[in-house]
Every structure is written in C-alpha cells, then in structure tokens.
Amino acid sequence: MGFQQGLSGLNAASKSLDVIGNNISNANTVGFKQAQVQFADVYANSLSGASANAVGIGVKVSTIAQQFTQGNISSTNNPLDIAINGNGFFRLSTNGAVTYTRNGQFQLDKNGDIVNAQGAHLTGYIADANGVLSTGSAAQININTADIAPAQTSKISGVMNLDSREYVPGTQKPVTIPPVITPIAFSPTDPTSYNKSTSVTVFDSLGNSHVVQTYYVRIDPVTTPPAVPGSIEWNVFSTVDGNRFDATGALTPAASPASPIGKLAFDNLGKLIGANPAYAPTDPRALHFRVPVASGAVTPINTTADIRFDYTNSTQFGSDFSVSSMKQDGFTSGKLSKFNTSKDGTIVGSYTNGQTKVLGQVVLASFTNPNGLQSLGDNQWAETAASGQSLVGPPNSGNLGALTASATEDSNTDLTGELVNMITAQRVYQANAQTIKTQDQVLQTIVNLR
C-alpha cells in the first residue's frame with residue numbers, strides 16, 4: 001500500500017464533492033443541467049508491458065458528464081419566457097459569436113430585439129411586413145412594434161335566407177289572387193318600400209369604417225318578368241352611412257329615385273341561381289359592389305376590382321328572414337397589444353383591431369453529442385469538434401422539442417439524489433484518508449525497528 005492510491009482517492013472524492021456542490025447550488029437555476037463525475041482506474045506503464053499481477057496506483061477523473069435530461073416546466077407571467085420540452089437548445093448570438101442555452105428567460109431590449117439577461121440575442125427566422133417568414137439562415141429576432149396598416153374591404157360574404165312568403169311591397173291586404181299591387185318607390189326611410197334589410201361595416205383605404213345597409217325588395221314577376229322563367233327575383237338596394245348609391249358607385253341625390261345595385265334570383269327549390277350583374281362569368285353568385293366614400297380615402301372602396309359581395313349558400317325558403325353569416329376582409333389600423341409563441345416557435349402578434357400577424361419564428365439547434373459542448377457559464381454552451389455541428393430547425397420538427405410560452409424549464413438537479421451522493425462521497429473521502437493514515441502507521445513501525 002502506498003500514499004499514491006489514497007491521495008488520488010482523496011482528490012477524486014474532493015472533485016466529486018465539488019460537482020455535487022455545484023449541482024445543489026444550481027438547483028434553482030433555470031435551464032441548468034446537473035453533472036456527474038465519472039472515474040477511471042490508473043495503472044503505471046512499464047517497458048515490459050502490463051503485468052497480470054500489477055497493482056493499480058489509484059483513481060482519476062475520467063470525465064464530468066452533464067445530464068441533458070428534461071427538467072420540469074414551470075409557468076410564468078412573462079410571454080417572452082419560453083421552455084423547451086424535448087431535445088434542442090436556443091441559439092444565441094453576441095456580436096456574431098454563436099452560443100447555445102436551455103435557459104428561456106428572455107426580454108425585449110430598446111431596439112425590440114429578444115435578448116437574455118447577458119444581452120445575447122435570440123435567433124430565428126425573420127418575418128417581413130406581411131408576416132411571411134424567411135426560412136433561410138437564422139438571424140436575430142426583432143419584434144416590430146409598429147402599427148399594422150389598414151386594409152380596405154375587398155370581399156363581403158353573406159349567407160342569409162329571404163322569406164319566400166313575403167309579398168311584393170305595395171300588395172294590398174287582404175291578398176287576392178291575383179294580388180293587387182300598388183307600386184311603392186324604394187326609400188330607406190320607408191319600411192313599407194322594402195321587405196328586409198341587413199348591415200355590414202366596411203373599411204376604406206385609410207382605415208375609416210362605414211356602415212353599408214343592404215335592402216331586399218321582392219320583384220313583381222308580372223310587371224318585371226324574371227330572366228329565368230319560374231324563378232323569383234329580388235332587387236338589392238344599398239346605402240352607405242345613410243346615403244343611397246347605385247351600381248356605378250355614385251351617390252343618388254335625395255330628389256332622384258333610387259336604383260338597385262343588382263338582383264338576386266332563386267329557383268322554385270329555394271336555391272340561389274345567381275346574381276345580376278355577376279361579379280365574373282366564373283363567379284355568378286356574387287355582385288359587383290361599388291361603395292362611394294367621402295372621407296378622403298380611395299373612392300369607391302377597392303377601386304381596382306370593386307368589392308365582391310358573395311351570396312353563395314343564401315336561400316329563399318318559407319321561413320323567417322335570417323342572416324347566418326356576414327363577413328368582410330377589411331380592417332382599420334391597429335397597435336400591437338400582445339404576442340405569443342406557439343409550440344413550433346412561431347411568434348404571433350395580436351393587434352387592437354383584432355388582426356394577427358407572424359412576427360418571427362424561434363429556431364432550435366441540436367447536436368449529435370451534447371456532452372461535447374463546452375460550458376461557458378451564464379447557462380451557455382459553445383459548439384466544439386467533439387459536439388459536432390449544430391443542426392438548426394423549427395421546434396416540434398424532426399427530433400427537436402416543442403416550445404411552451406410563458407414558462408421556463410427548471411434545473412434537472414435531483415436534490416434528494418445529490419444529498420445521498422454527498423454522503424457517499426464523504427464516506428469515500430474518509431476511507432481514502434484512512435488508507436493514508438494506515439500507510440503512515442506502517443512506515444512509522446518500520447522506522448521504529450531497532
């Protein structure tokens with residue numbers, strides 16, 4: 001027995017205690033990965049080669065391996081806190097130097113860049129002004145907080161039922177066969193001049209809202225025979241902000257009679273045959289809609305192609321008038337109110353006008369050998385030859401994990417296990433100290449021989 005074995009054992013046990021202490025001290029460090037000391041025995045070299053009866057000369061630290069197991073996910077109130085559930089690392093950039101981390105505690109700096117506490121920039125795919133991602137190389141993610149521009153209405157989609165039991169306005173009561181009809185000129189202020197009406201809000205090129213009211217008047221088939229024999233036709237009149245306008249998009253003077261913007265025709269099964277004038281030969285169930293505005297915006301709205309008012313799926317059954325759906329695609333300007341990160345890393349901004357837009361996408365990096373990464377401190381690692389090159393891609397794809405927003409990944413330190421390991425390491429240290437003490441006693445005995 002020599003001092004070498006005991007001394008190496010003391011060093012090894014001390015190193016083990018150092019690693020255990022580091023694991024315990026980082027039990028509350030977000031994204032921390034606990035380490036494990038791995039040992040190897042040591043034998044002396046000989047010119048004649050190793051002997052079958054050779055006695056080892058102690059122990060050495062083979063490696064300190066980090067354990068990249070998943071930590072628990074904890075919720076937070078910060079929408080920029082992001083946790084990785086699965087494989088992968090966040091990719092950071094500091095003045096062009098790329099590092100990697102599992103700590104997803106981020107914030108916005110004064111320039112709108114997403115950074116960590118050390119000022120390293122989170123990287124990913126950049127979105128253009130229309131929310132389209134550029135999925136080439138990863139770059140620093142910047143949250144554009146500018147207002148979203150307004151969009152003028154180009155499409156209206158309405159699904160309604162016109163009551164087939166309705167009579168032509170002006171029909172005398174009680175109704176006779178054939179009915180006696182006294183024609184009534186349409187007026188939006190005279191409810192007896194139309195059957196039913198509904199409204200929709202549209203937006204001009206400046207984002208101003210305008211209320212468009214449409215009125216539906218059943219046509220007398222005797223005085224105005226339908227284009228398709230046996231069908232029932234309805235005139236469609238319209239006003240914008242209370243002002244009448246015609247099919248050309250011109251406002252109708254108060255003293256002039258109103259003219260319809262188009263017609264709707266239904267067959268005897270209650271199905272919509274088509275609109276006249278049709279928006280296009282290939283789009284027979286939609287009307288051209290030219291809405292004039294006096295707000296200083298482009299007039300009529302969507303001048304280049306007119307508004308497409310689609311009546312597809314509208315019906316004429318023997319039931320009360322109803323509007324099942326009325327949608328349009330315009331919106332006013334809006335300010336960014338909040339944003340959130342989806343599990344695939346897409347950052348979606350929500351605006352005060354109800355719109356959403358993609359602002360960017362976080363990417364993750366994976367390595368063939370994560371234990372080959374070099375620890376840099378501040379919860380960051382650097383790529384090395386031993387780790388292999390990083391494989392970068394969107395989260396929740398391939399072998400990359402999914403992201404959880406407003407959450408962080410806790411340290412994977414097992415406190416109970418580490419405390420048990422500490423007791424074991426302490427006993428090993430004491431045992432190695434005992435071997436040195438015993439060797440000292442043996443040498444003392446030899447010295448005391450007379």
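These notebook entries record what I looked up in a predicted model.

**Conventions**

I worked on a predicted model, in which local features need pLDDT of at least 70 and side-chain atom pairs count only at pLDDT 80 or more, while totals for chains, interfaces and linings use all residues. Residues are numbered from 1 along each chain as its sequence is written, and side-chain values use heavy atoms, with hydrogens and water left out.

**Entry 1: annotated spans**

I began with the UniProt record, whose positions are given in the numbering used here, with feature names shortened and annotations that may be inferred rather than shown by experiment. For secondary structure I used DSSP runs numbered from the N terminus, helices being H or I of at least four residues and strands E of at least two.

The unreviewed UniProt entry places "domain: Flagellar basal body rod protein N-terminal" at residues 6–33. I found this span to be 71% helix and 0% strand, with its end C-alpha atoms 31 Å apart.

Residues 83–144 carry the annotation "domain: Flagellar hook protein FlgE/F/G-like D1" in the unreviewed UniProt entry. Here I noted 0% helix and 53% strand, and a separation of 23 Å between the end C-alpha atoms.

For residues 407–449 the unreviewed UniProt entry gives "domain: Flagellar basal-body/hook protein C-terminal". The span is 77% helix and 7% strand, and its end C-alpha atoms lie 71 Å apart.

**Entry 2: a nonpolar patch**

Which residues make the nonpolar surface patch of about 450 Å²? I listed F3, V442, L443, I446 and L449. Patches are made of residues with over 30% relative accessible area and no salt bridge; like charges are joined within 9 Å, and nonpolar side chains (Val, Leu, Ile, Met, Phe, Trp, Tyr) within 5 Å. Accessible areas come from the Shrake-Rupley method with a 1.4 Å probe, and for residues only the protein chains shown count as cover.

Helix α2 (residues 415–447) gives the most to this patch, with three residues. L449 lies in the segment after α2. I recorded L449 as exposed, at 62% relative accessible area; the classes are buried (under 20%), exposed (over 50%) and partly exposed (in between), with a 1.4 Å probe and protein chains only.

**Entry 3: salt bridges**

I then searched the whole structure for salt bridges and found eight, each being a side-chain nitrogen of Lys or Arg within 4 Å of a carboxyl oxygen of Asp or Glu.

One of them joins R102 and E409, at 3.0 Å from N to O. The pair links distant parts of the chain, 307 residues apart: R102 sits in the loop between β6 (97–101) and β7 (107–108), and E409 in strand β30 (residues 407–409). Both R102 and E409 are buried. I also noted that K33, R102 and E409 are linked in a network of salt bridges.

K335 bridges to D147, with the closest N and O atoms 3.2 Å apart. K335 is in the loop between β21 and β22 (336–341) and D147 in the loop between β10 (133–140) and β11 (155–161), so the bridge ties together parts 188 residues apart in sequence. D147 is partly exposed, with a relative accessible area of 44%.

R165 and D163 form another bridge, at 3.0 Å from N to O. I recorded R165 as partly exposed at 47% relative accessibility, whereas D163 is buried at 8%.

**Entry 4: single residues**

Is S314 buried or exposed? With a relative accessible area of 4%, S314 is buried. S314 is found in the loop between β20 (307–310) and β21 (322–328). The S314 side chain reaches the backbone nitrogen of M160 at 3.2 Å. Not counting residues up to four places away in sequence, S314 touches G158, V159, M160, F266, G270 and L272, contact meaning heavy atoms within 4.5 Å.

T63 is in strand β2 (residues 58–66) and is partly exposed, at 33%. Beyond the residues up to four places away in sequence, T63 touches Q36, V37 and Q38. How far apart are the C-alpha atoms of T63 and V180? I read 102 Å for this pair, which is 117 residues apart along the chain.

P284 belongs to strand β19 (residues 283–289) and is partly exposed, with a relative accessible area of 33%. P284 and T312 are 28 residues apart in sequence, and their C-alpha atoms are 9.0 Å apart. Leaving aside neighbours within four places in sequence, P284 is in contact with G274, A275 and A278.

Methods
A polar contact is a pair of N or O atoms within 3.5 Å; within protein, one must be able to donate a hydrogen and the other to accept it, and residues adjacent in sequence count only if both atoms are side-chain atoms.
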